Amino acid sequence: MRLFTATLATETNTFSPLPTSLAAYRELVFFRPCEHPDDAPRMCTAPLFVARRRAAAEGFTLIEGSCFAASPAGTTNRRDYEFMRDEILGQLKEAMPVDAVILGLHGAMIAHGYDDVEGDILERVRGIVGPDATIGVELDPHCHLTLKRFRNADIIVLYKEFPHTDVVDRAEDLLTLVLRKLRGEIRPVMSLYDCRQISSYPTTLPVMRAFVDRIKAMEGKDGILSISVVHCFPYADVPELSGRILVVADGDKAKADALATKLGEEFVSMRGKTTPQYYGVEDGIAAALAVGEGPVVVAEPPDNAGGGAPSDNTNILRHLIETNVENAAVGPVWDPIAVRLCFDAGEGAEFPLRFGGKTAPTSGQPIDATVRVTALARDCWQGFGPTRVPLGDCAAVRVGGVDVVLITKRTQALGLELFSNLGIDPRQRRILVVKSTNHFMGAFGPIAKKVIYVESGGPLNRDYRKIPYTRVTRPIWPLDEETRPGLIA
Ligand SMILES: [Zn+2]
């Protein structure tokens, strides 16, 4: 058996002020065949990572294509997308004949001229391998699961957890299903239910936790091979933005239809019950201080780089400084220029620094303060479950009682290393402000005395009714009260 694998991934916020070019891919994941490190997958490269490990024992030959991934930001340049896509498709043509293709995609990538990048890739891959080869795809639940993708893939598996701690587990599931199909043990058929809703579904909160646990218990029994919950990615103005339910059954389409419908109706009934309470900046910090002992983790989803935000909004930080809060730490603030200035000033230096508040009006105003450079570190990393995410060169600066982690490679707060790389022990802080929607919970949840979510004024508005969509198919909740959910494929 011959399997081909590759990755092309980013999450596109069509409202983001940050354009995405090849440079953003070079900064995060840009591996040509066989260059992918063995230590850990880089999120969307999990299919390659697990296939490489299992090839010998399972008796297949793995042909590795390129892996490209960029941090979430604005729409990818057309020329750069076509360059990466055509490189992978060229590698696939060279690799032919293949029995299967397994792709690590994100599912919410948009390029200029391509609303549905993953659909475009899958359609072209199908064109190369023909109708009999098996195409398996792993996607992020923050994806747009379009009909074009559905029609051109045999098996689609999404991560179930948010925070996405199960990227490797789901890649294992995908590979197992693809191999079983190739061996003639199963005949996967898929059904898709469109819930017509936009929302957020952290699996660390009770309603969604229970739903995912129940779904996991259904898999592998009674002819049900896999179930995925499409959360959708709200910050994209594309027609097929919507929460959906995908069921993969063994040969029985009617059974897949029935379960997708049942779970889809249940997912619709969960509207409004899956998101945490949000505080304003002042109320959120007051609530954090009221806890007494730390660390209290104050999450800032509106400035989550993982959703395409710049990660340089200063509203919470300014409030902490102005109200003389002690023993607080804030991170990450993306400001490569400030990091450069800190390196030039040197560790221990005190100097006037302007930082944060740069990229867009939603970044707020920059902070101007005399800071002390408490630590500098080159080429840092943070862990995220079984994967590794680069931070680039980092600097820690202290303003009053607040330590701020400045980074050069824009990403959200994921691992405790974000702080500990720079000698800041997150367990010893009274308040930890993390720019992240919910991925921070993997590492910071276990050490938090309490978690408080703050609507800071950053660019990712949590009230989806305020997002200026023009192309999303209506009706959809919560933009519309009356919707028409149903089975679509
Ligand atoms: Zn995601």
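How many residues does helix α8 have, and how far does α8 reach from its first C-alpha to its last? The helix covers residues 253–269, has 17 residues and reaches 24 Å, close to the 24 Å expected at 1.5 Å a residue; the expected span is 1.5 Å times one less than the number of residues. Helices (H or I, at least four residues) and strands (E, at least two) are DSSP runs, numbered from the N terminus.

A word on the model itself. It is a predicted one, in which local features need pLDDT of at least 70 and side-chain atom pairs count only at pLDDT 80 or more, while totals for chains, interfaces and linings use all residues. Residues are numbered from 1 along each chain as its sequence is written, and side-chain values use heavy atoms, with hydrogens and water left out.

Back to α8: at its N-terminal end sits a cap, Asp-252, with a side-chain oxygen 3.3 Å from the backbone nitrogen of Ala-254. Among the buried residues of α8 are Ala-256, Leu-259, Leu-263 and Phe-267, where buried means under 20% relative accessible area, exposed over 50% and partly exposed in between (1.4 Å probe, protein chains only). The buried residues of α8 pack against β7 (188–194), α7 (206–218), β8 (224–230), β9 (244–250) and β19 (486–487); contact here means heavy atoms within 4.5 Å.

Just after α6, Gly-184 takes a positive phi of about 75°.

His-142 lies in the loop between β5 (134–139) and α5 (147–152) and His-164 in the loop between β6 (155–158) and α6 (167–182), so the two histidines tie together parts 22 residues apart in sequence. Both His-142 and His-164 are buried.

Thr-5, in strand β1 (residues 2–9), is buried as well, with a relative accessible area of 0%. Leaving aside residues up to four places away in sequence, Thr-5 touches Pro-47, Leu-48, Leu-62, Ile-63, Glu-64, Gly-65 and Ile-102.

How values were computed. A polar contact is a pair of N or O atoms within 3.5 Å; within protein, one must be able to donate a hydrogen and the other to accept it, and residues adjacent in sequence count only if both atoms are side-chain atoms.
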